[in-house]
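Welcome to this guided tour! Open your viewer, get your selection tool ready, and we will go from stop to stop together.

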Amino acid sequence: MKIFKNKRNLSQNNHGNRKTDSIPFRLNFLFVVVFLLFAALIIQLAHLQIIDGKKYAYDATNSNMQTETKNVPRGMIFDSSGKLLVSNNATTAITYTKPLSVTSNQMVDVANTLVNYITVDTKQLTDNMKQAYYLGSTANEEKVQKHIKDADSISGSALYDKEMEYVEKHGLAKNLSPKQQQAALIYNKMNGAYSLSTVMLKSSGVSAVEMAKVGAHLSEMPGVKIGTNWTRAYPGGNSIKSIIGTVTTEKQGLPSDQINTLLAEGYSRNDSVGSSYIESQYENALKGDKEIIKIETQNDKIKKEIKEYGGKPGDDVQLTINAKFQNEVQNIIKNLETGVAGGNPYVPGAYAVVMNPHTGAVYALAGVTRDVKTGKITDNAIGAINQTFVMGSVVKGAMVMGALQDGVITPTNNTLEEQPIKVAGTAPKTSWFNKTGSANMPLTAPEALEVSSNTYMMQLALKEAGLTYHSGMSIAGMPTSIFDKMRDNFKQFGLGVKTGIDLPGESAGFEGPSSRADIGKALDLSFGNYDSYTTLQLAQYISTIANGGYRLQPHVLDSIHDNGSDGKMGRTIYQFMPNVLNVVSATPAQWNVVKTGLYDVVHGNNPYITGKYLAGVKPTIAAKTGTAQTYYGKTETETLSGVSYAPYNDPQVVVAVAFPGMSANTESKVNLQAIQQIYAAYWKDVQSSNGFN
């Protein structure tokens with residue numbers, strides 16, 4: 001038994017020794033493998049560092065990420081009823097994105113290749129462009145340099161100028177073939193672009209054949225792409241374009257007077273941008289957000305393009321203007337102007353504004369300009385905000401209210417004698433119906449408005465200056481501060497100050513001189529025959545009376561919406577709210593004096609009533625007419641104006657009109673005809689008159 005045990009133990013010991021012997025072998029094998037791997041890694045690192053180190057360092061230094069942007073469609077514009085006024089036409093375009101590093105010769109080659117596949121109009125091609133194209137060829141430039149003395153010592157720009165002079169002097173670029181001329185135009189567009197900026201090489205009229213040919217040969221023309229160009233379309237007709245404004249073309253680029261500001265905002269020099277009126281005023285909403293493409297470059301070559309942001313089309317804008325009504329008002333003004341022009345050779349135009357007295361919303365801006373020399377009449381709706389005229393008696397409501405506020409008359413004590421005003425050193429100043437004094441009569445303030453008494457207003461001006469009228473009195477000592485006093489009263493209604501309308505280019509009107517030598521003109525100012533105003537100012541003025549003293553900012557923007565689809569607006573993201581600019585502080589009794597006078601202008605019983613023509617219009621109108629004595633050169637003319645609101649007891653709308661340059665002493669009622677026709681169109685197109693008296 002002992003012997004067996006020893007053998008078993010021996011066997012176990014031998015087996016254990018074999019296990020022990022195998023472990024170092026495995027470890028040694030593993031060490032060898034790890035060593036080899038580390039050696040390979042070290043060799044590779046050494047290769048990268050020592051052999052290729054400079055190359056990778058150069059690549060790293062010259063690798064970069066650049067940003068390219070692309071334009072998106074502008075927002076659409078709708079009228080107050082949701083009718084589409086301005087949309088976008090998408091057209092296929094051939095574009096060029098200028099590489100980071102490209103030579104003139106390379107661009108010439110691309111241009112020469114491209115004209116084999118497309119045709120471009122060369123009407124805009126200049127001699128300077130031809131010469132630049134000629135010099136874009138390296139071979140041509142080297143030839144020219146051989147003829148320039150000391151070319152090697154002349155700086156780049158100076159040398160180029162001399163090269164251009166040589167090409168021009170020797171007519172080297174005069175005999176370009178038709179294809180070369182097209183290439184010259186294309187080259188100049190390419191050459192004028194900034195690195196990674198995109199320009200339109202052909203923005204319209206790209207045929208399907210041209211698109212196919214260019215698409216098949218893009219690899220031959222680095223930077224050339226097939227893109228989309230967006231242009232404005234006017235499905236609502238062109239008549240509203242003078243209010244909508246314009247958008248610059250790719251060729252026009254950024255407006256010169258805004259270029260620095262727009263560049264700072266991220267625009268490119270050749271971007272299209274709203275350049276006037278609504279397109280300009282609401283550019284930030286309409287422009288949208290550009291598509292953003294990240295471009296990875298290495299050694300000035302594009303390696304990869306990644307669309308980081310797909311862009312967002314511009315927001316849609318809804319206007320307060322009713323397109324159908326706007327067109328009708330425009331036609332009313334144009335037809336009436338055409339009708340009176342034959343007997344009134346000096347009329348320079350006519351204008352109208354229709355707005356909501358409780359919100360400031362403008363329903364229509366209409367106007368025409370007439371060339372006095374040729375008689376040609378053109379649409380100029382925007383003239384309602386930037387053309388100023390002496391408007392006449394329409395301002396008398398503000399004159400009466402100022403006198404009431406200043407306490408020179410009161411609601412219960414406001415009777416003055418209608419009589420010719422005779423002051424020392426000047427000819428008598430009279431009312432239109434009382435030239436000789438045969439119609440002298442006592443007038444209350446409402447009656448003075450009803451018959452449009454000039455002399456009543458002049459007496460108010462004297463009272464405002466601390467004087468009481470008597471025949472033959474001198475006004476030489478009247479303080480010149482009377483001008484400011486009356487103008488301040490007028491300005492609280494919007495006469496003589498900018499209305500604040502959300503359109504650029506508004507005029508504040510014009511103030512006549514107010515020195516001691518002009519003191520007599522203070523009497524003319526009191527009845528509206530001195531300072532000049534816009535038709536929009538008249539509308540804001542009568543709105544302030546109609547709503548009981550709130551001077552509201554006129555506005556053409558109703559709301560801004562997300563970009564919709566299928567010609568419809570998206571959700572509302574901004575709603576314009578009425579903006580009160582100031583309040584005319586007056587008592588109900590004082591307002592009653594003025595409003596009663598305006599009602600009686602149309603519905604009174606005095607034989608000298610001035611607005612009887614409108615008495616039959618329903619709903620009931622309150623109004624004030626105006627006739628101002630003006631001149632065309634040395635020829636005496638008149639401005640016929642009018643302000644009104646309706647219905648009298650619940651004002652919903654105001655209408656202001658101006659017809660300057662009418663012949664003196666005209667019997668025309670064109671201002672009243674315009675008001676009558678505009679109201680008829682308003683109650684038909686914009687709001688029902690049901691329920692109003």
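Buried means under 20% relative accessible area, exposed means over 50%, and partly exposed is in between (1.4 Å probe, protein chains only). You are looking at a predicted model, where local features need pLDDT of at least 70 and side-chain atom pairs count only at pLDDT 80 or more, while totals for chains, interfaces and linings use all residues. Residues are numbered from 1 along each chain as its sequence is written, and side-chain values use heavy atoms, with hydrogens and water left out.

**The whole chain**

Start with everything selected. The protein chain has 22 helices and 22 strands; these are DSSP runs, numbered from the N terminus, with helices (H or I) of at least four residues and strands (E) of at least two. Of its 693 residues, 48% count as buried.

**Helix α13**

Now select residues 323-341, which form helix α13. Its 19 residues reach 27 Å from the first C-alpha to the last, close to the 27 Å expected at 1.5 Å a residue; the expected span is 1.5 Å times one less than the number of residues. Colour the buried residues of α13, including Phe325, Val329, Ile332, Ile333, Leu336 and Val340. An α-helix has 3.6 residues a turn, so residues three or four places apart point the same way.

What caps the N-terminal end of α13? Select Asn322: one of its side-chain oxygens lies 3.2 Å from the backbone nitrogen of Lys324.

**Salt bridges**

The structure holds 17 salt bridges, each a side-chain nitrogen of Lys or Arg within 4 Å of a carboxyl oxygen of Asp or Glu. Glu328 is partly exposed at 24% relative accessible area, whereas Lys684 counts as exposed at 52%.

Next, select Glu279 and Arg74, which form a salt bridge with the closest N and O atoms 3.0 Å apart. Here too the partners come from distant parts of the chain: Glu279 sits in helix α11 (residues 277-281) and Arg74 in the loop between β1 (63-70) and β2 (77-78), 205 residues apart. Are these two buried or exposed? Glu279 is buried, with a relative accessible area of 0%, and Arg74 counts as buried at 9%.

Move on to Asp562, in the loop between β17 (557-561) and β18 (572-575). Asp562 forms a salt bridge with Arg571, the closest N and O atoms being 2.7 Å apart. Arg571 is exposed, with a relative accessible area of 57%.

**Backbone details in the loops**

Select Lys618 and Pro619: the peptide bond from one to the other is cis, with omega near -5°. Pro619 is in the loop between α21 (588-603) and β20 (622-632). Another cis peptide bond runs from Ala646 to Pro647, with omega near -15°, and Pro647 is in the loop between β21 (635-646) and β22 (653-663).

Two more residues deserve a click. Ser452 has phi near 60°, a positive value in a residue other than glycine, and is buried with a relative accessible area of 4%. Asn665 also has a positive phi of about 60° although it is not a glycine, but Asn665 is exposed at 62%.

Terms used. A polar contact is a pair of N or O atoms within 3.5 Å; within protein, one must be able to donate a hydrogen and the other to accept it, and residues adjacent in sequence count only if both atoms are side-chain atoms.
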